[in-house]
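Please examine the sequence and the model before reading the solutions.

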Amino acid sequence: MALMTKGEFARFKRKRELKGRIFYGLCLGAVLVSLGMLGVLLFQLGSDGYSRVNWSFITSFPSRHPEQAGIHAALLGSIYVVGIAGIVSFVLGVSAAVYLEEYAQRSKFAQMARINIANLAGVPSIVYGLLGLEIFVRVMELGRSVLAGGFTLALLVLPIIIVASSEAIRAVPSSLREGGFGLGATRWQVVRHLVLPQAFPGILTGVILAVSRAVGETAPLIAMGALTFVPFAPDGPLSRFTVLPIQIFNWVSRPQAGFHEAAAAGIIVLLVVLLLMNGLAVFLRNKFSNRLEG
Amino acid sequence: MQVATDTIIKAEELSVFYSGKPAVSNVSMDVPRNQITAIIGPSGCGKSTLLRSFNRMNDLVPTASVTGRVIFEGRNIYDPEVDPTEIRYLIGMVFQRPNPFPKSIYDNVAFGPRINGFRGNLNELVERSLVDAALWDEVKDRLNQSALALSGGQQQRLCIARALAVEPSVILMDEPCSALDPIATLAIEQLMNELCEQYSIIIVTHNMQQAARVSHKTAFMLSDERNIGGFLVEFDESSKIFTNPEDERTEAYISGRFG
């Protein structure tokens with residue numbers, strides 16, 4: 001006795017297998033389309049900008065002559081601004097996540113805070129630019145400086161870091177915390193010695209993703225008044241500045257073909273910076289998560 | 001075997017609630033010093049909840065509340081001026097699933113002494129704790145290796161060593177063998193027999209043979225989920241509970257007629 005005859009079973013099995021193959025094809029297609037787009041982009045950039053990427057492009061300041069224009073000021077500006085944003089948002093974001101997950105837990109206040117933070121992650125970035133303009137540039141009188149730009153980007157990526165860190169902290173098994181409390185550890189000791197080391201790789205991933213986003217942000221920095229033509233390197237926290245995406249935007253919008261090549265070269269530099277940061281993230285994460293496993 | 005012993009933990013009309021709903025109701029029992037006390041009963045009868053109220057681990061559950069008293073060394077551990085951290089330092093705990101920290105074997109055992117500010121010879125203390133937990137010979141050459149590389153039974157003995165290292169007077173064990181194979185279980189049971197010369201042990205177990213084998217006294221609990229949650233049916237010498245219980249519900253449970 002079987003549920004159906006051999007013939008019925010075989011026919012239905014062919015149908016099932018066909019459906020499976022179609023699904024497989026769709027999934028593979030999705031991957032190929034995404035990769036293909038990226039490939040076209042990279043090829044286009046490479047053929048336009050390849051000839052311009054060299055050491056003098058990286059060490060030169062912008063110029064009226066496209067063949068002399070370089071990315072030096074923008075590259076340094078990006079490094080300064082994103083460095084400040086990364087440090088500030090890491091400290092604030094991880095502390096906030098620890099508070100929400102370990103101390104406040106299920107209080108009404110914490111629930112409200114969580115919902116609001118999740119919403120903040122979706123606020124258009126230009127709004128953060130206006131906020132930064134008002135608070136940092138005007139009220140705190142930092143001017144349109146590297147520091148104000150860094151703080152603005154820190155605000156922008158803070159919700160991402162809080163959400164990612166919260167998730168990493170929540171993923172630490174509660175048996176670990178109980179083990180610590182069972183030995184007479186205080187909340188601080190449990191957080192410091194058990195929860196944070198375990199959550200660190202996840203937190204780090206979130207921070208690097210957030211900072212990678214900050215590298216590419218343009219609108220909020222334009223809104224708070226970053227320059228578009230900067231013939232000097234930032235010389236301190238209160239120096240005026242520009243960043244890579246603004247410089248690229250500036251070159252793209254010029255009529256001369258030479259500037260378009262410079263823009264393509266600038267994008268290549270930006271992509272290399274992003275690639276280096278993501279590579280660093282993967283390296284650090286593996287280093288920390290392999291440290292004591294088996 | 002009726003030996004008069006003094007009491008180390010005395011529960012008086014102890015009740016535990018989760019979100020106002022009773023989980024354990026009105027338990028009064030005297031836990032003897034330097035003996036093994038087993039708590040048995042069907043799943044969900046509140047055994048673990050009762051155990052965790054003996055060192056205030058339930059405080060970590062935001063919705064839990066406790067009424068009644070737990071007298072330990074002459075004071076009620078639920079008095080407002082008592083610090084739960086100190087109680088957990090004096091009354092250690094071993095959990096159902098082995099939960100070694102993702103650190104080296106040495107650092108696992110040294111964790112408790114370090115966080116409590118121990119200033120003596122840490123190497124000696126770690127060695128003694130591992131010897132007492134019958135794990136020293138197996139790990140003495142690889143103290144700096146990860147504790148996560150140990151087998152399940154070794155991990156549980158490491159967790160016992162970790163609890164011993166802060167030299168508690170009572171060790172609470174919440175089904176410590178339920179995730180272990182019979183050989184590892186036997187090792188832990190032998191260990192408990194040796195440990196009870198120096199420590200008082202309370203063990204929650206699903207396994208009635210285990211309770212009969214290792215414990216001096218046994219508490220049998222049942223649950224009335226609609227009204228009062230878990231309650232204590234009978235608490236007596238293990239020899240009596242397992243051969244000639246007073247209550248017919250205990251009789252029915254130990255003879256396997258339900259549960």
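Two exercises with worked solutions follow.

The model is predicted: local features need pLDDT of at least 70 and side-chain atom pairs count only at pLDDT 80 or more, while totals for chains, interfaces and linings use all residues. Residues are numbered from 1 along each chain as its sequence is written, and chains are lettered from A and ligands numbered from 1 in the order in which they are written.

**Exercise 1.** Describe the fold of chain B.

*Solution.* Begin with secondary structure: chain B has 10 helices and 10 strands, where helices (H or I, at least four residues) and strands (E, at least two) are DSSP runs numbered from the N terminus. Next, the radius of gyration of chain B, taken over C-alpha atoms, is 18 Å, close to the 18 Å that the globule rule (2.2 Å times the number of residues to the power 0.38) gives for 259 residues, so chain B is as compact as a globular protein of that length. The C-alpha trace of chain B spans about 55 × 40 × 35 Å along its principal axes.

**Exercise 2.** Describe the side of chain B that touches chain A.

*Solution.* First, count the residues: chain B gives 24 and chain A gives 18, two residues being in contact if their C-beta atoms, placed from the backbone, lie within 7 Å. Then locate the elements of chain B that give two or more residues to this side: helix H2 (84-90), strand E6 (91-94) and helix H3 (105-115). The largest share, four residues, comes from H2(B).
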